[in-house]
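This briefing is for a reader who is new to the structure shown below.

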Amino acid sequence: MILVGVNGYGTIGKRVADAVAAQPDMEVVGVTKTTPDYGAEAAVRRGYDLYAGIDDRVDAFEAAGLGVTGTLSDLLADIDVIVDCCPSGIGEANQSTYDAHGVPAIYQGGEDASVADASFNSRASYEAARGADSLRVVSCNTTGLSRILAPLDEEYGVEKARVTLVRRGGDPSETDRGPINDLVPDPVTLPSHHGPDVGTVLPDVPVDTAALRAPVTAMHTHSLNVTLDTAPSTAAVTELLRDQSRVFMIPEGAGIDGAGALKDYAADVGRPRGDLWENCVWEESVHMEDRDLYLFQNVHQEADVVPENVDAIRALATDMSREESVAQTDESLGIGFDSLLSDGGVGRSQLVADD
Ligand code: NAD
């Protein structure tokens with residue numbers, strides 16, 4: 001049994017804790033919070049042992065009526081792996097504490113790649129993580145791109161990928177983020193930093209990216225143009241992507257026209273928190289033009305890195321192969337939508353272009 005602690009029980013941390021708890025070979029020893037807010041109360045309700053992320057906050061938790069089991073140091077003394085899910089930059093500040101306790105750490109994509117021995121994506125770089133004492137699970141956008149580009153590169157070779165990322169302005173709980181009525185190039189300099197981040201897990205795949213922030217909270221939308229070394233048919237590429245366990249091909253007849261319907265579908269079929277762990281690729285957007293592939297996909301920023309964190313724990317703490325770990329994670333969580341509409345259904349009507 002791999003004993004796991006989660007430091008930072010926020011958007012990513014609470015999902016990682018639930019995913020770890022669902023694994024037959026892992027146990028959540030405890031989670032940390034810095035303030036006794038609704039998130040801390042929910043952690044207790046869900047049965048997790050709560051630890052104070054900052055030592056002198058123990059009294060604040062007690063005063064609020066939430067008992068804590070101890071502090072971060074106490075948690076580190078009892079675990080095999082810590083998953084740092086603190087806000088960007090705090091992970092790096094925590095590094096010396098983890099090192100002092102000799103606990104292997106997994107960091108998130110908001111940290112610089114230099115925080116860990118290796119960057120990690122289950123599809124692109126699981127085996128490259130062998131022997132590392134620390135890993136950084138790459139960001140939600142990088143995870144979404146890596147899951148598509150790794151199989152394309154293996155099967156056909158990628159000459160060059162060009163991607164436009166329309167990023168959600170903030171997560172649903174982040175009321176202070178924006179924009180609220182604009183579409184903002186961010187960063188305005190081109191290409192954006194997202195391409196080089198893909199390079200941390202797929203160093204031989206050239207990717208240029210441009211990014212904007214949009215007034216939405218549900219998901220990111222990616223428009224991909226990938227020039228391949230060969231010219232497979234649209235059908236062959238569609239089949240390749242359909243074979244990826246963490247890619248959901250949205251069937252033409254499903255009537256799913258955007259993030260709202262995708263999240264609605266996820267909630268309707270019983271996904272916890274309406275989470276979509278898979279990339280969501282619109283099947284009818286997949287199109288080959290000579291050696292150029294085009295497609296649209298959506299990525300649920302709160303969820304897609306969660307199974308990758310579970311696999312990263314196994315890559316750090318066990319000898320399990322990528323195939324075994326991914327299969328175990330997918331089975332435990334129920335990853336892999338297979339729509340009953342895959343063979344047809346009522347398609348949506350095309351919107352008339354009026355601009
Ligand atoms: P968040 O703000 O939702 O959660 C962070 C949690 O850590 C909060 O509960 C906060 O109270 C707590 N915290 C703050 N300082 C702490 C400390 N010193 N010790 C312990 N806990 C502390 O952030 P998030 O969105 O979950 O992001 C976490 C990491 O995951 C970041 O690196 C981020 O870039 C990355 N990430 C976020 C998303 C996303 O869309 N939210 C997607 C992929 C990766």
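Is Glu 278 buried or exposed? Glu 278 is buried, with a relative accessible area of 1%; buried means under 20% relative accessible area, exposed over 50%, and partly exposed in between, with a 1.4 Å probe and protein chains only. The model is predicted, so local features need pLDDT of at least 70 and side-chain atom pairs count only at pLDDT 80 or more, while totals for chains, interfaces and linings use all residues. Residues are numbered from 1 along each chain as its sequence is written, and side-chain values use heavy atoms, with hydrogens and water left out.

**Sheet**

- Eight strands make an open sheet with parallel pairing, in the order E4-E3-E2-E1-E5-E6-E8-E7.
- Strands (E, at least two residues) and helices (H or I, at least four) are DSSP runs numbered from the N terminus, and two strands pair if DSSP finds at least two bridges between them.
- Strand E4 (70-71) and strand E7 (118-120) stand at the edges with a single partner strand each, so one side of each has no neighbour in the sheet.
- Strand E6 (residues 105-107) and strand E8 (residues 134-137) run parallel and are joined by three bridges.
- Tyr 107 has Arg 136 in E8 as its bridge partner.
- Strands of a sheet pair through backbone hydrogen bonds, either parallel or antiparallel.

**Salt bridges**

- The whole structure holds 25 salt bridges, a salt bridge being a side-chain nitrogen of Lys or Arg within 4 Å of a carboxyl oxygen of Asp or Glu.
- The buried Glu 278 meets Arg 271 in a salt bridge of 2.7 Å, N to O.
- Arg 271 is also buried, because its relative accessible area is 9%.
- Glu 41 and Arg 45 form a salt bridge in which the closest N and O atoms are 2.9 Å apart.
- These two residues, Glu 41 and Arg 45, are four residues apart in helix H2 (residues 38-45), so about one helical turn separates them.
- Glu 41 is partly exposed at 33% relative accessibility, whereas Arg 45 is exposed at 67%.
- Arg 291 forms a salt bridge with Glu 159, and the closest N and O atoms are 2.7 Å apart.
- This pair links distant parts of the chain, 132 residues apart, with Arg 291 in the loop between E15 and E16 and Glu 159 in strand E9.
- Arg 291 is partly exposed with a relative accessible area of 28%, and Glu 159 is partly exposed with 40%.
- A network of salt bridges links Asp 25, Arg 147, Arg 246, Glu 308, Asp 311, Arg 314 and Asp 330.

**Surface charge**

- A patch of negative charge on the surface gathers Asp 55, Asp 56, Asp 59, Glu 62, Asp 74 and Asp 78.
- Patches are made of residues with over 30% relative accessible area and no salt bridge, with like charges joined within 9 Å.
- One of the patch residues, Asp 78, lies in the loop between helix H4 (72-77) and strand E5 (81-84).
- Asp 78 is partly exposed, because its relative accessible area is 44%.

**Backbone**

- Most residues other than glycine have a negative phi, and most peptide bonds are trans.
- Gly 178 and Pro 179 are joined by a cis peptide bond with omega about 5°, and Pro 179 sits in the loop between strand E9 (158-168) and strand E10 (184-185).
- Another cis peptide bond, with omega about -10°, joins Leu 190 and Pro 191; Pro 191 is in the loop between E10 and helix H8 (194-199).
- Arg 273 is not a glycine, and its phi is positive, near 60°.
- The loop between helix H10 (259-268) and strand E14 (279-282) holds Arg 273, which is partly exposed with a relative accessible area of 30%.
- Asp 290, not a glycine either, has a positive phi of about 60°.
- Asp 290 lies in the loop between strand E15 (287-289) and strand E16 (292-299) and counts as exposed at 63% relative accessibility.

**A helix proline**

- Pro 151 lies in helix H7 (residues 140-156) and is buried at 1% relative accessibility.
- Pro 151 and Ser 173 are 22 residues apart along the chain, and their C-alpha atoms are separated by 34 Å.

Conventions. Patch = residues over 30% accessible without salt bridge, like charges linked within 9 Å, V, L, I, M, F, W, Y side chains within 5 Å. Areas by Shrake-Rupley, 256 points an atom, 1.4 Å probe, with all protein chains shown as cover. Lys, Arg positive; Asp, Glu negative; His and termini not counted. Charge placed at Lys NZ, Arg CZ, Asp CG, Glu CD.
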